[in-house]
Each structure stands twice: as C-alpha cells, then as structure tokens.
There are 2 protein chains.
Amino acid sequence: MDERFQIHYEITVSESDTIESALETICLEQTVEMPADAISQEIREHIAGKVISVKPTAEKDTYEAIIDFPIANTGGEVTMLLNLLFGNISLMPGYKIIDAELEKLAFLPGPAYGIEGVRKKLEIYDRALSCTAIKPLGFTAEEFGNLTYEFALGGLDIIKDDHGLTNQRYAPFEERLKACVAAVERAADKTGRRSAYFANITGSPDVTLSRYEMACEAGADGVLFMPHLTGLEILSRLAAQNGPLPMMIHPAFSGSQTIHDDQGFSPSFLYGRLWRSLGADFAIYPNARGRFSYTQDECLAINHAARSNSRFARIFPTPGGGINRATIPKWLSLYGSDTVLLIGGSLYKHPDGIQEAAREFRQLLENQPKEAES
Amino acid sequence: MDERFQIHYEITVSESDTIESALETICLEQTVEMPADAISQEIREHIAGKVISVKPTAEKDTYEAIIDFPIANTGGEVTMLLNLLFGNISLMPGYKIIDAELEKLAFLPGPAYGIEGVRKKLEIYDRALSCTAIKPLGFTAEEFGNLTYEFALGGLDIIKDDHGLTNQRYAPFEERLKACVAAVERAADKTGRRSAYFANITGSPDVTLSRYEMACEAGADGVLFMPHLTGLEILSRLAAQNGPLPMMIHPAFSGSQTIHDDQGFSPSFLYGRLWRSLGADFAIYPNARGRFSYTQDECLAINHAARSNSRFARIFPTPGGGINRATIPKWLSLYGSDTVLLIGGSLYKHPDGIQEAAREFRQLLENQPKEAES
C-alpha cells in the first residue's frame, strides 16, 4: 500500500459554492487536474487526494478539513511538495493550509543546528538571545565594519546583515563580510567574548551556495537567507549539507501567502513548520505591534510551531519589529527564553549610542527571570 | 548621477493610516529599513525611494503612486530586484505593484524566442495556436506516449506535460520525455506535420537545468517551467543562455500574489510584464470563466502586457481554463491570433475521442477570420 500524508486546510466557501465541491477541487486540482468522470477508479483511488475529515468552524462558511495524498506524488522533490501543497489552489480564493504531516517526508532534512546546536555553538545556554541588523543600505563596507564593532563591544549576541544588503556596489558582499568578521574579532580581543556575525548570502541559487562557502572561509558565524527570493529548495539543500553555519531565515517576498485571513498558509505553518522542515535554524517573522500585521496569537502560534516536538530539531523563533528597550521584558516573559529578539531601528536611536544600546539589550536578557515556557 | 527606475503602485490606505505615511513606508522599508530621522541626508537622497507622483483613484482610500529607486540597489541581481519590488511590503496589507520600468534593467534578458521566434520554429504564422496538457498524474510513460500520439495525429500544435508531472515513479521524467518525443515523431511520419512536445523540467535549480539539457538532447520542442516553485532567477538564467527550447511558464504557487484586490502584483504585471522580462516565451494564466478567479478585463490586461511594445520580445498569452469547443471562436475573436489557447479536460471528454477532439480544435483555429488585434 502506498504511503500517504495528510494536509490540513481551512476552507472558506463562497456563496455560489459548497464545501463538498471545494474539497473535491483540492483532491483533483492538486493531483490529476481532471474532472472525476474523466479518470479511472484506480487513478482516483491511488493518485487523487482523499478527504479524511471535515468539520465547520466557529466562523461562518468556514471549515477545517484534512485530506491525504500519496507521498509518491511529490516525486521526492521539494518543488513538487510545494506544488502539492499550494500549486493551482494558490490561484483560487478560500484555501488556506494550516498544517501538514511533514515529518513523514524523508526528503525534508530539518535543521542542521536548531536551538540546541546554536546554543552550543554560541555557548549561551540559559537565556534568550539578542540580535540586530547592520544598516542602512548605502553604507560602505568599512562603515558596516565600524558599526559591527560597536555592537560587538556592547555584547550583542548576533549581528546580522540587514536583509537588503547583498552585493550592491556600495558595500560588495566579500568586502562587507571581511570587514564585519574582522570587527567581531577585534571586539572579542578587547572584551573576551565574541559576538556572532551572520552574513546575508541571498542571490541566485549558485551565488547563494558560493556566498555560503565564502562566509565559511572568511570565518562568519552564521548566514542570513531569504528563500522566497531564491527558491525554497536551496534552503533544504544547504541544511542537508550540514555545513558549519546556522541559517537565519527571512520572510521577504512571502507576505502575500501569510497575511490574508482566508487564503495562503497560516504564518505558523509557513514560518514555524515548513521552514523548519526545510532546515531553518532561526525563523524571522514580523512581530505583533510592529510595522507589520500579525496578531499576538499568530506570533505565539509561530513560536509554538518552531519549538514543538517533531523529528526536526526545535528552532529559534526570531520576532522582529515592535520591540524596544521598554518592551523587552514583556516580550521575553510572553515568548520565553528559547527566543531570539531582533531589534533594529530603535537601537540606532538610543540616546547613549550604539555600544550602550547593545549593552543594555544584553543586560535585559541576562536579568530576565526564568520563566514558564510555551 | 545614479540611474533610477520607477515602480508603479496601487495603495489602499487603512483607516488608521495616511497616504503620506504609506508612501514613506515604501520609500524606506524597501531600501534602508530605518526611520527617516536615523539616516543621513545623503543616504535619503541617493539610496531611499523618492515619490514621483501620487493621485487618488475612483476607489475609496485608494491611490496610484510612482516611486523611483536607484537601479544600483538591485546589485544587478534578479533576487534583489524581487526584494526591491516586494520584499518587506509583501508582509503588509494595502500595497500592490501594477508596473515597473523593467526595460531599464540591463540584467533582465527578456525572451529568447517570443511570438516571432516561436512562430518561426513551429512554422505557424497566421493563426492562434492550440495547446493541451497530457494527464492525469498516475499514467505510465507508455500511456503518456500513447496519449501524445493521439493528440499529434489530430494535429494539436503544442502538447505539453501537465504541470503536476515531473519525476514521479509512475512515469519518470526521462522515460516520459522519450516516449512523448517518439510519439510526436511517429505521428509526424504519418501526417507529414509535427506537433511540438513541451516537457515539464521543473525541479530544484540544478535539476531544472539538467532536465532542460535532457529535453534538448531527446529532441523535445520546448519546455514547461514553474518558476515560483524553483525560484524566478532560473527563468532568466535559462533565457539568457539562448538555448534551443522556448519556455512556457506556469503560475503554480504564485496565486496569493495576484488574486487579492488590494495586495500583491496585478496579474498583468506579474504574468505579462515580469515573466516576459525574465524570459518567458509563453505566459500561462487562469482564464476568466475557468475554475479560477480573474475577470475578463484582467485577462485582456495580461494579453496586452505580454504583447505591448518593449525592448523585450512580445510573448504568447496562454489562457487556460473555461475554454471548450463551443467557446473557442468567442475567445479567439476577443484575444486575437497572437494567443495560445490551452485546453485540457474538455478535450478528454469529446464524444468522438482524443484524435477527433484535437482535429476539431485545430480546425476552429484555422477557420477563424483574421481579426482586430489588441
């Protein structure tokens, strides 16, 4: 018997449609793309999706359903898994994916590091981690080096490239990489403790792989990567090669799939579950109350998905936006210590400068009482 | 002075926001990611976006705006162009991209074939083209070969793999490729006219490139490719290499970016303009009245974007869905002869069988009176 795996949907039915026909659409459109009366009983039985369960939710005209599919339909390829999850139905309103049995798919590598691996690498075991982004685009490599040095002197745990920095001529990738690695090393000589520098390796698939290598050789401590720009498969490929650098994943270009209530992926599925299964070690997401649009409950759901039990290692939820010196304690007590807090803009505006901003951020994390975890 | 290029937005302002602050968000969020008071005048002037124009539309709280950005912000990379178009703002409601000066970006290759190149290759100069997909997933390579043979005997112009067929064990890529190429050749021996077979090469970036090579070597006539699964950059890379096979592009996984009225890309921008600039020769899109959700006006806008004047060759709009033997004349007179009509399911249900369905489809195209083109 062919092995199958389940996908969980939230389906909003339009006035002119029924839940039965919406379910039939998924079962056929995501597999055979033919009407039921044009396929054989054998194809229907062994290839098409099968409805396992369906029930109405509290919302009007909205249902939760589980459909299962033969794993063989993916051909063992990440790209076809994405197509099976959300190929043609991405073009129709009303279909939202909220979970899937990703653990059953042997070709998904999961994270090479995860929370435990990152903690061991950074030697920080008992508290949340601080993270910031160096910016703005337009600075030279030397200016980014100086900025990194200031953050490192102040004791920031992870200093990453802003996601808009790649290989622009203002500060070419290799120059910036070398300047920033040198900066964390110089600061470590002075403080006795090394901040981690994460380089943004995003580019074409080939370029991404080669920037990963360059980051290894130059002595970076991790990488930042935007897989929705490059293609999600490269994430799983990098994770599967078990390289020396943990991967922090950024959601650029993915928003249309997660900000609509009745269509796409739930944020917790895409950023917590799918990215984790593909190999993210950190999942950056727009925090509630930031410049973006998730609710606090959605953020808690992402955290839970990133850290729940699974054959994939637990990963660090990395909320960014809406966090500043005044609100750090609140978010820490809400999100727990297995979290990376990403603070950008507000550190740059600290009245006493970058170094002091970093020091204060770090101290707030170190002083946080041990808490109830989600 | 740095060269800049313009992006056109449709912006829907929420009740708690103003158009001024929405514009400022784009200018900063898509470049420096810092508040205006945290960057220098020089960075503001040379790196951030600049509003060129803004005007209200007929819709309440909705505006059209043009913002320009330094081309250097892209670093000459497709991935960073995507980020500049729709990176962080993809995560916020209210921003929709409706056009951009893509012609100014030297790193965008445009199509290797386009309408004229495809017509020359297929030797069909004066009418719309017929296209169908072989399906369902679950058939063996031999069954797909037989099906292709029937369609080819009937004279279908382009017979493509269904987008769900890649390398599943039911009909592995190479076996299916060989069986289908052999089928169009056998039919050509009999009819004196060869149908084109387009193989679905979608996979990881590396696999996509190698399947393109396999398709060339086996004697396929073109390829089908789903760049939103693999990463859009591979499309431009394949186009730039000027290979022997035209590329038909499928929108799987992209729908969330085009089906929401107030967010994402307009369908005409993504499927007509952006794909074309990256190198698509055919742009498949869900036709109005099909199982999907665009209006007829949106479909006409895609056609126009695919065929308007530009430094990029004109490409074939390839509407699929909602087209059958009864409605072919209507769609032809509406869309014009520089169109590929993609018909799937309904051919399979023709009362006189596949071969006759193909023959009738072809005849309807050949008999269509010459028309007023869009």
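Which residue takes a positive phi just after α12(A)? Just after that helix, A:G336 takes a positive phi of about 90 degrees.

The model is predicted, and local features need pLDDT of at least 70, side-chain atom pairs count only at pLDDT 80 or more, while totals for chains, interfaces and linings use all residues. Residues are numbered from 1 along each chain as its sequence is written, and chains are lettered from A and ligands numbered from 1 in the order in which they are written.

**View 1. The open sheet of chain A.** Its 5 strands have the order β2-β3-β1-β4-β10, with mixed pairing (strands are DSSP runs of E, at least two residues, and helices runs of H or I, at least four, numbered from the N terminus; two strands pair if DSSP finds at least two bridges between them). The edge strands, each pairing on one side only, are β2 (50–56) and β10 (264–265) of chain A.

**View 2. Strands β1 and β4 of chain A.** The two strands, residues 4–12 and residues 95–100, run antiparallel and are joined by 5 bridges; A:Y9 has A:I97 in β4(A) as its bridge partner.

**View 3. Helix α12 of chain A.** Within residues 328–335, A:I328, A:W331, A:L332 and A:Y335 are buried (20 or more other C-beta atoms within 10 Å of the residue's own, with C-beta atoms placed from the backbone). Seen down the helix axis, these buried residues fall within an arc of 100 degrees, so they line one face of α12(A) (the arc is that of the directions from the helix axis to the C-beta atoms).

**View 4. A:N303 in helix α11 of chain A.** A:N303 is found in the helix of residues 296–307, and A:N303 is buried because 26 other C-beta atoms lie within 10 Å.

Definitions and conventions: A residue is buried if 20 or more other C-beta atoms lie within 10 Å of its own, exposed if 12 or fewer, and partly exposed in between; C-beta atoms are placed from the backbone.
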